[in-house]
Each structure stands twice: as C-alpha cells, then as structure tokens.
Amino acid sequence: MKSERVFITGCGGMLGSAIYPFFASRYEDVLASDRIVNEKWLVRLDVRDDDHLARMFKEYRPDIVLHLAAETNLEYCETHPEITIATNAVATRNIAKLSEEYGAMLIYISTAGVFDGKKSGFYTEEDQPNPIMVYGRTKYEGELYALEHCSRTFVVRAGWMMGGGRDKEKKFIFKILEQVAQGKKEIFAVNDKWGTPTYTYDFAMNLFRLMETEKYGTYHMVCEGEGSRYDVAEEILKICGISDIDLVPVGSGYFEKEYFAPRPRSEIMSNANLGKHGINFMRPWRESLSDYIKNYFFDFMRQPGLHQKERRKHRREDCGIPVTYSIKGEAGNILYSGILIDKCVSGAGIITGTALQAGQIIVFRDKEGTLTPDAGREHSLCAENSFRVGLESLNAGHFSAVKVLQVKTKDFFQDNEVEIRRLNTIPGMLL
Ligand SMILES: NC(=O)c1ccc[n+]([C@@H]2O[C@H](COP(=O)([O-])OP(=O)(O)OC[C@H]3O[C@@H](n4cnc5c(N)ncnc54)[C@H](OP(=O)(O)O)[C@@H]3O)[C@@H](O)[C@H]2O)c1
C-alpha cells in the first residue's frame with residue numbers, strides 16, 4: 001500500500017464511485033468528500049466553502065488531490081451561471097492554490113465540452129478550447145486556474161462518462177435503460193452529435209498510470225473510437241439482446257426543450273498525449289460499454305418474449321458456468337462462500353448468502369487450491385433469499401463491492417437449486 005495521503009472532492013458522483021475503491025485499494029489514507037454524504041466513506045465538503053476547504057487542507061495535508069467536484073448538469077449550469085462559476089472555476093482556483101501551498105499533486109478532471117465542436121476528426125490536446133456553454137466555459141476556466149496555480153497539475157479531460165450504475169449514473173446509458181425498463185417500444189436517439197464514451201473504471205485505471213509518470217500537463221483520457229448518441233443507444237440494445245424496440249434516429253432539435261444548453265456538434269477526442277508516453281490503455285468504447293452493462297445492469301440482459309424459465313437459462317448461459325468460491329479469513333477459516341456468476345475484466349457478479357458492505361474490498365486469488373465437494377454445502381444459496389453483489393475490479397484479483405441487492409435465488413437458478421458444476425474455487429480473503 002502506498003503511504004501518500006489522497007484527498008478527493010466530489011467523490012459521491014459517477015466518476016467518484018470508480019475512483020474511490022480504486023484509490024482505497026492502493027493508498028492507506030484516502031479522504032473522500034462531497035457536498036452530500038451519500039456513502040459511508042464520504043465526508044461532507046462543499047468546495048465553495050473556502051474556510052472549510054482551507055481547514056481540510058491544513059488538517060489532512062494531502063499529497064495527492066483529485067478534484068472531481070463540479071456542476072455537471074448542462075441545463076442547470078445554463079440557468080445557474082453564478083453557482084456554476086463558483087463551483088467549477090473559483091473553487092478550482094482555491095484548490096489549486098492550496099495544493100501548491102501543501103506541495104500536493106493536483107488532478108483536475110475536465111471535459112471534451114471545452115471545445116466548440118466544429119472540428120472534423122479527433123480533438124487532441126493541441127487543439128484550442130473554445131467552449132460554447134456555461135459548463136464548458138467554467139470547466140475551461142478551472143483548467144487554466146489549475147495549471148496556473150499548481151505546478152504539479154494534471155488536467156485530464158474525459159468524454160461522455162458512463163459509470164456509477166443505477167444509483168449514480170445520471171447520463172445517457174441509464175436514460176436509455178430507464179426507457180427499456182419502462183417498456184417503451186420506441187426510443188429516440190440523437191444522430192447529429194458525436195463524442196467518445198469514457199468508462200469510469202477504465203479512466204480510473206489509466207489515471208493511476210498517468211500519475212506515476214509525473215509528466216504534468218493536459219491529457220485526454222477517453223475510450224477508443226467515436227460514435228453518435230444513436231450509435232451508443234444501438235450498442236446498448238445489442239448488448240442487452242433486445243430487438244423489439246424501435247430505435248429512431250432524430251436530430252438534436254427533437255430534444256431542444258429538455259436539453260436546451262448548447263452542445264458541441266463533435267466532442268470526439270483522441271488520447272494523443274497518453275499515446276506519446278506509451279500509457280494509453282483505454283479500451284474501445286463498445287468493449288467497455290459491454291463490461292459496464294454486465295456489471296451494473298445485468299438484469300437488462302435478456303431477450304423479451306422468452307418464457308421466464310428460458311430466460312433464466314439464457315442468463316446463466318450468458319455468465320458461463322458458475323464457479324464456486326470461498327472467502328477465507330486470516331486463519332484460513334471460510335467466512336462464507338457462494339457462486340461467481342459473471343466475471344469480466346472490469347468486474348464480477350456474485351451470489352452469496354452473506355450481505356457484503358458496499359466499499360468492502362475483496363481479493364480473489366485465481367487458481368489457488370480447490371474446494372472439496374462437501375464445502376459446496378456451506379453456502380446457503382438454496383435458501384429463498386440471497387444477495388447479488390456487483391464487484392468492481394480494482395486491479396489483479398482485487399474487487400470492491402459496489403452494489404448489494406437482495407434477490408430471490410430462484411430468479412437466477414432454475415428449479416430453486418444451485419447446481420455446482422465446477423469445484424475449482426477462487427479462494428480469497430477480506431481485507
Ligand atoms: N459526466 C460526464 O459526462 C463528464 C464528462 C467529462 C468530464 N466530467 C467531469 O468529471 C468530474 C466528475 O463528474 P461525474 O461525471 O462524476 O459527475 P457527477 O456524478 O455529477 O459528480 C460530480 C460530483 O460533484 C458534486 N458537487 C457538485 N457541486 C459541489 C460542491 N459545490 N461541492 C462539493 N461537491 C460538489 C456533485 O454533487 P451533486 O450530485 O449533489 O451535484 C457530484 O457528486 C467532474 O469534474 C466533471 O466535470 C464529467
């Protein structure tokens with residue numbers, strides 16, 4: 001574990017939900033804040049409160065500052081410019097000054113929305129920002145303040161953020177899935193705005209690599225590729241295996257009442273500077289989107305119209321053969337065990353008889369030992385209720401519980417029974 005003290009602002013949002021477990025698994029001391037405390041691991045801080053901010057720096061003396069806090073709703077920003085300036089620009093100036101005073105590294109998260117969207121092709125870090133809306137203008141001011149006042153600053157621009165799941169995702173992916181859940185048979189998606197989706201998990205992973213370079217400056221950090229909102233919606237439906245919804249392409253004028261803030265025609269970016277340093281590990285957005293949906297919206301992955309029993313079968317096939325696992329205590333005793341139903345690069349889904357706490361960090365150690373057939377009886381998955389836990393992958397073998405849901409076991413397994421087909425286990429331990 002690294003010993004530097006990490007201080008995070010605005011950590012209760014979409015990006016924070018990936019950044020926190022990622023940093024908490026690597027650093028001994030992480031202080032995460034937001035203006036509303038919606039997680040046990042958060043403390044309250046409104047970044048506009050200068051005195052509180054200064055007190056926090058004085059008491060905590062951070063070595064690394066991740067400044068995520070921002071007004072991110074474009075329509076709110078247009079109608080509340082003063083609050084937006086105070087949050088996105090002025091608070092960033094104060095945070096940059098304090099970071100410099102305490103000798104901290106500052107990571108300021110910015111946006112593709114600093115560009116005017118007129119460029120055809122990918123924006124690189126060489127292109128001149130020219131924001132066209134309050135959000136973009138204030139974020140760009142924040143960039144300039146951060147670079148001016150703190151000598152060890154990374155400005156990292158993200159694209160269309162995807163992450164955070166049902167509780168935190170405020171953006172496009174959830175808006176499409178929400179309509180699916182409502183049973184809509186027609187969904188409208190804009191086909192005249194282009195951008196680059198950015199998965200919060202991939203962003204957090206790559207951020208860590210960038211920090212290690214200590215090559216300060218401005219970076220783009222988006223998934224590979226580009227697409228329109230329509231393309232993203234189409235991919236969501238494809239991943240979920242949904243074919244009975246009519247996806248209708250529309251111009252942005254269709255939503256102008258609801259989304260009245262000006263938006264750049266193109267927010268397509270490439271990670272040119274990451275590439276130069278050989279640390280562009282961002283994946284193609286379709287691959288990341290698929291991981292995101294599997295991790296957080298697993299229950300959407302179905303084929304409507306199928307008989308429920310068949311649907312269960314389909315789900316199970318989607319996840320491959322369930323693998324039993326056990327989590328061991330330090331003395332080697334089994335704390336609990338369960339079934340791993342889904343595991344991909346960026347996360348896992350487990351069914352367990354025991355409720356984990358969100359934020360709890362678990363280590364799976366692949367291929368270390370096996371469990372005897374008898375041990376399979378230790379889990380209580382045949383009981384009526386169990387817990388489905390979404391795990392966000394942090395690094396090799398480390399997972400953080402992000403979502404704990406009570407489920408009816410029979411919804412996942414046919415005939416209310418768990419069939420243990422493989423007894424190779426993934427022993428782990430709770431940290
Ligand atoms: N979302 C995107 O598509 C996107 C794209 C590119 C870059 N970014 C940048 O990425 C960063 C993280 O955003 P996100 O995507 O995680 O959005 P988010 O979910 O809106 O997270 C921002 C967090 O900052 C909090 N916040 C707002 N005002 C604050 C204040 N005065 N003091 C302290 N906290 C405050 C928000 O709280 P409330 O929820 O209560 O407002 C929210 O928890 C932001 O800097 C954003 O500009 C976002």
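Okay, let's start with a term: two strands pair if DSSP finds at least two bridges between them. Strands here are DSSP E runs of at least two residues, helices are H or I runs of at least four, and both are numbered from the N terminus. With that in hand, take strand β9, residues 194-195: two bridges join β9 to β12, and the two run antiparallel. W194 has S228 in β12 as its bridge partner.

A bit of housekeeping. What you see is a predicted model: local features need pLDDT of at least 70, side-chain atom pairs count only at pLDDT 80 or more, and totals for chains, interfaces and linings use all residues. Residues are numbered from 1 along each chain as its sequence is written.

Back to that sheet. β9 sits in an open sheet of three strands, ordered β12-β9-β14, with mixed pairing. The edges are β12 (227-228) and β14 (266-267), each pairing on one side only.

Now the whole protein. How many helices and strands are there in the protein? We have 13 helices and 21 strands. Of the 431 residues, 45% are buried. For burial, we count other C-beta atoms within 10 Å of a residue's own, with C-beta placed from the backbone: 20 or more is buried, 12 or fewer is exposed, and in between is partly exposed. On contacts, two residues touch if their C-beta atoms, placed from the backbone, lie within 7 Å. Taking contacts with a separation of 6 or more, 77% are between residues 24 or more positions apart.

Seven of the seven residues in β5 are buried. M105, I107, I109 and T111 point one way, L106, Y108 and S110 the other, and all are buried.

Who does β5 pair with? On one hand there's β4 (64-67), running parallel to β5 over four bridges, with I64 partnered by M105. Then there's β6, residues 153-158, joined to β5 by six bridges, again parallel. L106 partners T153 in β6. The chain gets from β5 to β6 through α5, and this β-α-β crossover is right-handed; that is, with the strands pointing away from the viewer, the path from the first strand over the helix to the second runs clockwise. Also between these strands, I109 stands opposite V156 in β6.

Is β6 enclosed or open? Six of its six residues are buried, so β6 is largely enclosed by the rest of the structure. T153, V155 and R157 cover one face, F154, V156 and A158 the other, and all of them are buried. β6 also pairs with β11 (217-220), in the parallel sense over four bridges, where R157 has H220 as its partner.

Next, the cores. A nonpolar core means a set of buried Ala, Val, Leu, Ile, Met, Phe, Trp, Tyr and Cys residues joined through C-beta atoms within 7 Å. The largest has 82 residues, and those with the most contacts inside it are I8, I19, L68, L106, I107, V156 and M221. What does M221 touch? Leaving out residues up to four places away in sequence, its contacts include V156, A158, F203, L207 and M282. A second, separate core has 10 residues, including I350, I351, F399 and V402.

On to the ligand. It's surrounded by 29 residues, the closest being G10, G13, L15, A70 and M161; being near means a C-beta atom, placed from the backbone, within 6 Å of the molecule. β5 and β7 (160-162) each supply at least two residues of that shell. The shell splits into 12 nonpolar, eight polar and nine charged residues. The classes: Ala, Val, Leu, Ile, Met, Phe, Trp, Tyr, Cys and Pro are nonpolar, Asp, Glu, Lys and Arg are charged, and the others, Gly among them, are polar.

Last stop, some loops. Most residues other than glycine have a negative phi. R61, though, has phi near 45 degrees, in the loop between α2 and β4, and R61 counts as exposed because it has 12 C-beta neighbours inside 10 Å. E214 has a positive phi of about 55 degrees and lies between α8 and β11.
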